[in-house]
Amino acid sequence: MTTPVAGPVFPDSVDTLAALFSWRVTASPNGAAYRQFDTFSKDWLKLDWREIGERVDKWLSALASQQYQAGARVAILLPNGIHAVCIDQAALALGLVPVPLHAIDNPESIAYILADSEARILVLQDAAQWNAISALEIDLPALHSVVVTGVPPADHQSGPRGARVLGLAEWLAQGETAAPVTRTTPRAEDLAALVYTSGTTGKPKGVMLTHRNVLENVRAVLKRVVPVEEDVFLSFLPLSHTFERTAGYYLAIACGCCVTYVRSVAQIGEDLLTVRPTMLVSVPRIYERFYARIQTAVQQSRVKNTLFDMAVTVGWRRFCRRQGIAVESAVPAVVDMLAWLALEPLVARPIRAQLGGRIRVAVSG
């Protein structure tokens, strides 16, 4: 893989996530932005930055037609994907506050967060999810609308206190016919998200993050790791977590990278081979599973096990030297270089191939 060339770095004048997205669409309209598997065509849907910008505009018009006040909460109960990007960016552009929910959370926890955040609108994938939430009969006085992105409800249902349940197409159509409304431009100190804790030590608590919070984190990352427009992310960590939102979503927008969404967690291994990402943002558990699988394979042969251990030892010393880290070994660098000529094709290359063969940065958080 050739060394990629850094693309435009977002200017200091970009001080909100909405401005970041708008700048990216303008800076590289024809660059690859998102890939997602389409279960109907059985193929990968590909969008460039101009196309995702146009989609976000449609969602923005529909959301603006509701005339929510600035700061209103927009609850997002969606798996990682283009719909999640569209509603998030539409909300941010209107000065509203996304409340990302874990797509597989239980109905009780979701209902609690909807009530606590005073969400005005809920966007989810499946009408059955809403049925499970509304069956709890928890009072949600602030909730105005529920939008179902998957199979729409059979009829116009009503939730607690009359919240209207709509299919995505019907909801988007409202934006096409609505009169233009005055848009509120968000400020750097405005909330960019309410990210709720898991609730393992009590009720979930909403962490308040401003646009400045998130952008400062993105800028801090760019001092260490600089993704470029040729890079490809594989997204599988939930967007309800700050780690994936920052490192696997907003960072990619800042650098103009393409984000590909896995079909499912169970299919990560297959999608790694198909997508062949260059950037991998993961948690320790995923790497541990991959390492355990390697260990199971190499321990079946003493020769394979020895070669693997040698590759790890030599590879670590080579990594430390490239990073300027002191190497606690008397083995000269030239010896490691010669050893790597054999170990790289025998051990390292086949292992990298299981991750797609193009990984240049792997992050564990």
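User: Start with L63. What does L63 touch, leaving out residues up to four places away in sequence?
Analyst: L63 touches Y68, V74, I87, A90, A91, L94, L96, I121 and W171, with residues up to four places away not counted. Keep in mind that this is a predicted model.

User: Noted. How many residues are in the largest nonpolar core, and which have the most contacts inside it?
Analyst: The largest nonpolar core has 88 residues. Y34, I52, L63 and W171 have the most contacts inside it.

User: Which element gives that core its largest share?
Analyst: That is α3, with nine residues.

User: What is the side chain of S65 doing?
Analyst: A polar atom of that side chain lies 2.5 Å from the backbone oxygen of A62. Leaving aside neighbours within four places in sequence, S65 is in contact with Q174, G175 and A178.

User: Next loop, N80. Where is N80?
Analyst: N80 is in the loop between β3 (73–77) and α3 (82–93). N80 is buried too, with a relative accessible area of 18%.

User: What backbone atoms lie by the polar side-chain atoms of N80?
Analyst: There are two to list. The backbone oxygen of L237 lies 2.6 Å from a polar atom of the N80 side chain. For the backbone nitrogen of L239, the distance to a polar atom of that side chain is 3.1 Å.

User: Which residues is N80 in contact with, leaving aside neighbours within four places?
Analyst: S235, F236, L237, P238, L239, E244 and Y261.

User: Switching to α4. Which residues in α4 are buried, and what covers them?
Analyst: S109, I110, A111, I113, L114 and S117 are buried. The cover includes β3, β4, β5, α5 and β8.

User: What happens at the start of α4?
Analyst: A side-chain oxygen of N106 reaches to within 3.1 Å of the backbone nitrogen of E108.

User: And I104: buried or exposed?
Analyst: I104 is exposed, with a relative accessible area of 70%. I104 lies in the loop between β4 (97–100) and α4 (107–117). The C-alpha atoms of I104 and Q129 are separated by 9.6 Å, and these residues are 25 apart along the chain.

User: What about just after α4?
Analyst: E118 takes a positive phi of about 60° there. Most residues other than glycine have a negative phi. E118 is in the loop between α4 and β5 and is exposed, at 55% relative accessible area.

User: What is the phi of R276?
Analyst: R276 has a positive phi of about 55° and is not a glycine. R276 is in the loop between α9 (268–275) and β12 (279–282). R276 counts as partly exposed, at 36% relative accessibility.

User: Last one, α10 and α11. How do their axes cross?
Analyst: Helix α10 (residues 284–298) and helix α11 (residues 302–323) cross at roughly 135°. Their axes come within 8 Å. That angle makes α10 oblique to α11.

User: Which residues meet there?
Analyst: Y291, I294, Q295, A297 and V298 in α10 meet K304, N305 and F308 in α11. By class, that contact has five nonpolar, two polar and one charged residues.

Notes
Residues are numbered from 1 along each chain as its sequence is written. This is a predicted model: local features need pLDDT of at least 70, side-chain atom pairs count only at pLDDT 80 or more; totals for chains, interfaces and linings use all residues. Side-chain values use heavy atoms; hydrogens and water are left out. Helices (H or I, at least four residues) and strands (E, at least two) are DSSP runs, numbered from the N terminus. Buried means under 20% relative accessible area, exposed over 50%, partly exposed in between (1.4 Å probe, protein chains only). A polar contact is a pair of N or O atoms within 3.5 Å; within protein, one must be able to donate a hydrogen and the other to accept it, and residues adjacent in sequence count only if both atoms are side-chain atoms. Contact means heavy atoms within 4.5 Å. A nonpolar core is a set of buried Ala, Val, Leu, Ile, Met, Phe, Trp, Tyr and Cys residues joined through side-chain atoms within 4.5 Å. Axes are lines fitted to C-alpha atoms, for helices over the stretch in contact, and angles run from 0 to 180 degrees between N-to-C directions. Angles under 35 degrees count as roughly parallel, over 145 as roughly antiparallel, 65 to 115 as roughly perpendicular and the rest as oblique. Ala, Val, Leu, Ile, Met, Phe, Trp, Tyr, Cys and Pro count as nonpolar, Asp, Glu, Lys and Arg as charged, and the others, Gly among them, as polar.
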